[in-house]
Amino acid sequence: MNIIEFKGITKKFGDFIANDKIDLTIKKGEIHCLLGENGAGKTTLMNNLFGLYNPEEGEIFLREKPCKIDNPHKAIELGLGMIHQHFMLIDRLTTTENIIVGEEPLKNGLVDMKKAREQVKQISDNYHLAVKTNEKIENISVGEQQRVEILKVLYRKAEILIFDEPTAVLTPQEVNNLFTTLRELKAGGKTIIFITHKLEETMNISDRVTVLRKGKVIGTVNTCDTSPKELARMMVGREVLLNVNKEKSDVGDNVLEVKDISLTGKHKNLLLKNINISIRKGEIVGIAGVSGNGQLELEECIAGLRKVTSGKIILDSEDITHAPTGIRRKRGLSHIPSDRLKRGLVPSYSLAKNIILGNQDSFTKNGFLLQNDINKYCKEVLEKFDVRCQSMNDTANNLSGGNQQKLVIGRELSTDPKFILAAQPTRGVDVGAIEFIHNNILEMRKQNKAILLISAELEELLSLADRILVIYEGEIVSKKNNYTKEELGLLMAGKKVPEEEKKELENRIQND
Amino acid sequence: MQEILEVIFNINTFSAAIRISVPLVFAAIGGVFSERAGIINLGLEGMLLTGAFAGVLGSYLTGNPYIGILFAIMGGALIGFIFALFTIKFEANHVVAGVGLNILMLGITTWLMQILWDSRGTSVNVTGLSEITIPILSSIPILGKLFGSHNILAYLMFIVVIFSWIILFKTPFGLRLRVVGEYQKAADTLGIKIRKIQYTSLIFSGVLCGLGGAYLSLGHLNWFSMNMSAGRGYMALAANIFGGWNPLGAFGASYLFAYTDALQMRMQALNLNVPNEIIQMIPYILTILVLAGAMIRSRPPAGLGKHYKTNR
């Protein structure tokens, strides 16, 4: 049975067509992946289904009957549930309160918390979704928060569950647990729509895949009849190299040395603990870790945005521990910040101005900017780094996420740096742009630059880095040249992993 | 020194503080409901003033102060609704809308006084609320002095404090209200009717301020005067913050402010060889100190002051 059918759905934002006459069928009881690059219109389409948006044209059929879903309340009544990419949870309320709000069990007109906790407990037992029923959201892990989100929709008796990029915030172990849950839900007769831009996940979990590109459906295929390569081609519209070609490079002298740095926070807590890193010419050193384990602090310390409490940072045999950011940049440091909108760009500035940011002195004469030189330089950078834009007078906030990132990377790599601090360089960027960025980073390696790659993407680290350090709670807990994905995952989740859990995990990986 | 201590621990000071606290408590709980729903409410001041005026108007027209209370409730509700229109429907900046409302109501009440009573300063005298003495309670030594004899609004205040707390923390409406104030989008995705909840809480907020205002004019003085609220709305907003956006806390904080005010008045009568101006400063200095301490730890609703736009 076709549980959902979209017929000619169109959604516009101003002149921009986010969904262009979408036709799509979801079968009852399947796991259906919606695959596409960022901005392909996947989430928009699901928001149309969930009543958060109202489409301009088209019809949605639910259980073969036409339905007008104009608000989430109605969607919930019709058995739809959505697990949003950014969790819709209230930090200072308990898990139970978050789950029941809107459909509270009552006793004498008041909320019956005891009954509510029992109900939550029951559903969580049924689906093996362990949560502490009386704990505040702010005190539980991201994985547990996601389980609360799933319980929220199950509590509302959803038959169709929409997951919007659910793995983006999870560790590999948590991803495995999530996939187990998804299979259980499917076995229990639920229909699952899974939004993602990751090929591997799609191949792993789905029954069928629909690929979206630029707001249009490219095609729907059975997962068993397709390959990652074909899906990538459908997504991007051209051949994509999924594996980067890494050539050997000549490793030279030390360029950056981080010597025993520590950082204490506001409440005297250790944010970084005795970190030692040395990076040589032509070498990529990776930092792996679940976000929030000190990567951001390390990035800020090296970039000069934060003062270290103790230790030294040496760039090209000069001590830059106390040097301000400007001096660091002059000495050859380039920084691709992890938060491009906050630190990488001025969103309301033109592309040209963004490209000379930090380097504006080279384009100045007698205190005035040299507009012609700037335009010429910008044109080169935009072309070389394939930033797709209308003109260089556009403001940066008009670019898509991937193009913004390419702009930042273009600026940082065009100044002939000695050392590149690349933090989450492909965060929230689609396959095509990832390929491009990876190739550029490898090109820098070939040109004998030293590179520190801080990333939450294991694939990225494993394919690019020459050496990987694992950071956990502000400390480097392991360093090695070759890791398997599973090893890294375990180390990232904390250094002490009980043997039993390890075995169970290995079994599960083999079974998958 | 002993004189001062006697004033500080005098039962009459505590009793006077209850009277002073009534309008503050009503307005502060009005602030709790509004801010828990995500709307910064500087308009408390204007709402109090409206209540005070409407109360006197009702009593003036009918000769019955209880009809005056009804007028105050309706006036407060109307202003609450208007404030809601501006902040929710027209997405005005909450602070600007609140201050605007205060200036507007100051102007309107003064103008109406001119028309009705031909005076910009004060209204004519109207019938005020009489005190109700509770038989047995009033004869118990200390409790009798504190709670034995008040007008109806003061008794209502105690009921409002308790019921507000129950509504906010024990009922489905309260839970939804808190979710709306924290994260409107999350509330929306749960199918909660955000607008309905916000309008309801702001109208309720107006009603409470109306009652507080009626106490000012009908309970205290039996007339209305220009700018009668005299900053109590702002103080109530501070009490709401200091009380942690909780009706019980708001009551405690309002009572503390009221107590220092009562203390200050009594200390002036003591001839302490200290300029009266210094003594008059005590409540304000205490407010500043307490608030400075409270602000560091306080945690407002996460969605306070934010607008949420749907794409429907």
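**Stop 1: the two domains of chain A**

Start by colouring chain A by its domain assignment: domain 1 covers 2-236 and domain 2 covers 254-511. Those bounds come from an automatic or database domain assignment. Before you click further, note that this is a predicted model, where local features need pLDDT of at least 70, side-chain atom pairs count only at pLDDT 80 or more, and totals for chains, interfaces and linings use all residues. Residues are numbered from 1 along each chain as its sequence is written, while chains are lettered from A and ligands numbered from 1 in the order in which they are written.

Now select where they meet: 11 residues of domain 1 of chain A are in contact with 16 residues of domain 2 of chain A (in contact means that the C-beta atoms, placed from the backbone, lie within 7 Å). On the domain 1 side, helix 6 (172-187) and helix 8 (228-236) of chain A each supply at least two residues. Helices here are DSSP runs of H or I with at least four residues, strands are runs of E with at least two, and both are numbered from the N terminus. That domain 1 side divides into 4 nonpolar, 6 polar and 1 charged residues. For these classes, Ala, Val, Leu, Ile, Met, Phe, Trp, Tyr, Cys and Pro are nonpolar, Asp, Glu, Lys and Arg are charged, and the others, Gly among them, are polar.

**Stop 2: chain A as a whole**

Zoom out to see 18 helices and 24 strands in chain A. Its radius of gyration is 25 Å, close to the 24 Å that the globule rule gives for 512 residues, so chain A is as compact as a globular protein of that length. (The radius is taken over C-alpha atoms, and the rule is 2.2 Å times the number of residues to the power 0.38.) Along the principal axes, the C-alpha atoms of chain A fill a box of roughly 70 × 50 × 45 Å.

How much of chain A is buried? Of its 512 residues, 43% count as buried. The cut-offs use C-beta atoms placed from the backbone: a residue is buried if 20 or more others lie within 10 Å of its own, exposed if 12 or fewer do, and partly exposed in between.

**Stop 3: two loops with a positive phi**

Most residues other than glycine have a negative phi. Select A:Arg63, where phi is near 50°. A:Arg63 is in the loop between strand 4 (57-62) and strand 5 (65-67) of chain A.

Then jump to A:Gln424, with a positive phi of about 45°, in the loop between strand 21 (419-423) and helix 15 (431-446) of chain A.

**Stop 4: where chain A meets chain B**

Bring chain B into view: 21 residues of chain A are in contact with 18 residues of chain B. On the chain A side, helix 2 (72-77) and strand 8 (110-111) each supply at least two residues. The largest share, 3 residues, comes from helix 2 of chain A. By class, this side has 12 nonpolar, 5 polar and 4 charged residues.

**Stop 5: the largest nonpolar core**

Which members of the largest nonpolar core touch the most others? Out of 223 residues, they are A:Leu452, A:Leu453, B:Phe26, B:Ala28 and B:Ala239. A nonpolar core is a set of buried Ala, Val, Leu, Ile, Met, Phe, Trp, Tyr and Cys residues joined through C-beta atoms within 7 Å. Helix 10 (residues 194-221) of chain B gives the most to this core, with 13 residues. Centre on A:Leu452: setting aside residues up to four places away in sequence, it touches A:Leu256, A:Ile279, A:Val285, A:Ile287, A:Leu421 and A:Ala422.

**Stop 6: helices of chain B**

Select helix 4 (residues 65-89) of chain B: its 25 residues reach 35 Å from first C-alpha to last, close to the 36 Å expected at 1.5 Å a residue. (That expected span is 1.5 Å times one less than the number of residues.) Just after helix 4 of chain B, B:Glu91 takes a positive phi of about 50°.

Finish at helix 7 (residues 152-170) of chain B, with 19 residues. Its buried residues are B:Leu153, B:Ala154, B:Met157, B:Val160, B:Ser164 and B:Leu168. To see what covers them, show elements including helix 2 (11-36), strand 2 (149-150) and helix 12 (247-268) of chain B.

Definitions and conventions: Contact = placed C-beta atoms within 7 Å.
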